[in-house]
Amino acid sequence: MGTDWNKMADNAKTRSDMYGLLTLVFRQEPSEAFINELRGPRLSGAFSDMELDMGGSFYSEPVSAIADQLALEFSRLFIGPGRHISAHESIFTEVDGDSGGLWGARTVEVKKFIETTGLDYASQFTGLPDHISVELEFMQKLADWEADKWIEMDRISAEYCLSIQRMFLQQHILGWIPKFCDAVVAQADIPFYRELAELTKNFLKLEERSLIIDTAA
Amino acid sequence: MKKLNRRDFMKLTAGSGCALAAGLGCSQSAFAGSLKLQAGGKDFSPTTGKERQAIPTACWQCVTRDSMIGYVEDGRLVKLEGHPDSIRTLGKLCAKGQAGINQVYFPDRILHPMKRAGKRGEHKWKRISWDEALDLIVSKLKPLRDAGTPELFMYQYGRHKASQAATMYDFMQAYGTGTIGNHTSVCEAAKWVGQESLWGGMYDNWDYDNTDYVVIFGSNQFETHTNHIPTAQRLIRAKVDRGVPLYVFDVRLTNTAAKADQWVPIKVGHDGLVMLAMCNVIMNEKLYRKDHFKFMRVSEDYKATVDEKIAAVKKNVAKYTPEFAEKQSGVPADTIRKIARGFAKAKSACLVTYRGTVMHYHGADQERAAMLLSAITNNLDRPGGRVMGVGAGWKHPSSPKAKVHKTLHVKDGFPGEAAYPTHHVSHQVLPMIKDGQAGRPKVYWWSCYNPGFINGDNKELQSIMRDESIIPFLISTTIVYDESSQYADLILPDVTYLERWDWEDMVSANQIAEFYIRQPLVKPLGESRCQGDVWPELAKRMGFELAYSSKEDFVRQSCEMTPGVREAGGFEYMKKHGVWHDPEAKPNYGFYETKVDVSGDGVILDEKTGVYWNWKKAGVGTEAEAKGQGYLGTKGAKKAYVAQNIDGTAYLAYPPNTKFVKAGYLDFYSDNFADKGFPAFPSYTPIPEHQKMADDELNLTTYKVAVHTHSRTAHCKWLTEIKHDNPGWINTKTAEARGIKNGDKIRVYNSLGEITTTAYVTEGIIPGVIAISHHLGRKHSGVYGSGKRSPTPGGAAADPDVKNIWWKKHGTHPNTIIPNSSDPISGTQRWMDTVVRVAKA
């Protein structure tokens, strides 16, 4: 049976977009424009189908009030000061006894991994190399590149790119982001980040199944 | 949420297309460039290892500021060690210095500007951009400046030195405020005030490389000291290699006392008395050396002969017999005699004092006693003695000063509180502001400082910060959320010292100046930003320019302006080597013996004091007028000081280059002190509170430990693992009288409140005292600092190292029950005079 190049491309593009959406969620406090998109009919419908409960007030309160609430929640959950859930891989994982600090050994591994693919960190980017949104954005770019290769009917490049994605998922993302999401679910005060953390975790489960478990089988 | 499949995500992403396409909500991509998978990107071989860079820089964990080397692998700092080419540190670095890595990478670090969203102290914050933060600050500061009230902006700092201080003062002068507070009164102000009243603006160092005898009062030199690594290793070497005798007077058996020839236990607040008793022995047994007497003033008579001065000193110390001193201090008279004789007979001798001696009622006078003992044995500024500290004299750019420059007088304590607060009364700044009689700032900005923790009665100070009606706008520049920044309206994420530029100037231990720099080892984490980079940006937004565009630019210009450094290769040389000293320089001793040409235009001799001064420089109309009013009668004449006439020779002597108006003599008889009602000659003045103690009361003293600074290291996990508890040291008999056994939980209390800790029952402390170190008992400062696990499983609690925290205790903070109370001479905080009761909890 021949390869359905379009289907492969669509599949990769879906994954890329999903990573892109989650990148936006975790990169910084949501803007009013982003909240408006999330509350719009297409996304709210998708959320409803997925049984994501963002809470009634998310749709009914003025967007500026929601933006304000989410900015506070974002700071409280992910930034501090004080008690918070640090959104960095090096905080959640240990490498050869090195653990628990910002810019740890794991951060270096992530940075190197990403740089081996030809990407550089943008000079204006002030986050750390292993922030959750960086790892998700990296996956977005890989999947997007993979989609292009399917469209170009370049199977070798597309599958090579898939192997890179598998490696990054196994070596980094799956090792800590589900744990991070569990923490968010447990500690979120309002539904927005709890539900999106659940969504992230579910999406990564699906990624693990389709890219790693099923492939191995 | 239901179980999801790929189709669900397709639906979701189809709907999110608009958001993604527009990049809504996301202002920046983390990446530049494009994927080049086949090309292979950058080549990192797992077999060739990591690239390691060695970068010279300087420490900042404590004021010693050792030069050091940082090792960086893959953009990550992995190790710090002493700089082998430093003539100050000789390649050594203490535990605190090596743990500096923890400062950069601790998981609770503040990485973004944060604006308060709830009430002060409610811990609700919103991240804002630097642009927003700077605009907010300008919206507060510019109106004050435009209205001609720049003094209503107050800045207060804890650790600012060298170029960190120079850039800050430069900005404040360009802005126009002189309302700048420091922290020196909680550190050692009395020591400096005592010295300034005698030999001017010089501060002592100890020439261990050449000394033959060392006596230390109230200073834990081997564990922690203002110039720790440069001096401690030299003292060890003197003792081990040359067998130099070392005697340590202290209420505790410190690790310095333990390494001494003899630990001499002494009652709290009696160091000066024992020094005066040593002077008594030396004068009575004619063990003094005459050499320095001609530079001393010991009575009202400026023209006394050396023999008359000897007689006057003898008379002044006559009442301080060893027996009297024994009765008061607990030090046996025979011990005083033995050490006095040894000190006087040694070819050279160092007398060391620090916080244990001076942080008392009349602490400044105790320091004067130390100077007297050094002077009569000719051990002032001589090889092997108590010498003048020599630091690097950097030149640096200066910005145009503001036309309107004003100061709010909240820095020097309440009226009448301190006679000579030349280093200010920093612990009373917030109480002064609350009181309001000297006005209140509208904006209070503090940096590298934690006023709600490091001062006395700190709960009261926190309540002042919490009250928005007292100070409307608070800004904190910090790397960690702490007891003070919790009340700020705006938190600015500071860089650590390992991410910034500076030139440095701490004094050398060998009398030769060392010039050294600090340079970033790694890029600042997150959005953290150096204050020296913030100043030019703020100035620009307020419509004035500074003479530098960034801290790096300031350091670069300084390197190119400073003689010696410039010729060695300037900024590029310093970046490569980190340190520089003049290879031709000779150790600096005996500056007071410099002979001065007094033939200059306008120089006249003041008959009363023997001072040569330049009446023209003093701004007097005519020579006759100048002679008529005399040197001491002319305001500002000390700035026109030229020399001191001693036996017909004009010597530089000891110029009055501080706020003290004096002749060029070592002013052991001080009109300044007498005029304010204090003893003119170094004296023993009992501590009032100690004279009326009830039988069940004890003295509370505090101290430092080797692995922590006062408030800046508790979040460093390597250090906190070593030292995380501060039990109360209590003598066996004192404990027994209260039914306290070693390890018992105890209450320490007085009218200010109560703290609890455990008892360390030991013979290593004198009876009648409880000693508690002052760096622990944090309420914030991250999981390592406070011991509080985050209620969330992320943040520091997600740090796998947290599971390795094997200790359960996190200490107590004694400052809670220590009042803010000043030495009436210097304004120094009287840390060691507190009276408490102790009981089994």
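Predicted model: local features only at pLDDT ≥ 70, side-chain atom pairs only at ≥ 80, totals over all residues.

Author: Helix H3 of chain A spans residues 41-49, and its buried residues are A:Leu43, A:Ala46 and A:Phe47. These three cover an arc of only 100° around the axis, which puts them on the same side of H3(A). An α-helix has 3.6 residues a turn, so residues three or four places apart point the same way.

The buried residues of H3(A) pack against two helices, namely helix H2 (32-39) of chain A and helix H1 (6-15) of chain B. Just after H3(A), the chain reaches A:Glu51, which takes a positive phi of about 60°.

The partner from the other chain leads to the interface. There, 75 residues of chain A are in contact with 69 residues of chain B. On the chain B side, at least two residues each come from H1, helix H2 (17-22), strand S1 (31-32) and strand S6 (125-127). H1(B), against which the buried residues of H3(A) pack, gives the most to that side, with 8 residues. By class, the side of chain B that touches chain A has 32 nonpolar, 21 polar and 16 charged residues.

Elsewhere in chain A, helix H1 (residues 5-27) packs with helix H8 (residues 132-151) at an angle of about 160°, the axes being 8 Å apart. Because angles over 145 degrees count as roughly antiparallel, H1(A) is roughly antiparallel to H8(A). Their crossing is left-handed, and the contact of H1(A) with H8(A) has 14 nonpolar, 5 polar and 6 charged residues.

Notes: Residues numbered from 1 in each chain as written. Chains lettered and ligands numbered in written order. Axes fitted to C-alpha atoms, helices over the stretch in contact; angles between N-to-C directions. Helix = DSSP H or I, 4+ residues; strand = E, 2+ residues; numbered from the N terminus. Parallel < 35°, antiparallel > 145°, perpendicular 65-115°, else oblique. Left-handed = near helix turned anticlockwise from the far one by under 90°. Nonpolar A, V, L, I, M, F, W, Y, C, P; charged D, E, K, R; others polar. Buried ≥ 20, exposed ≤ 12 C-beta atoms within 10 Å, placed from the backbone. Arc of directions from axis to C-beta. Contact = placed C-beta atoms within 7 Å.
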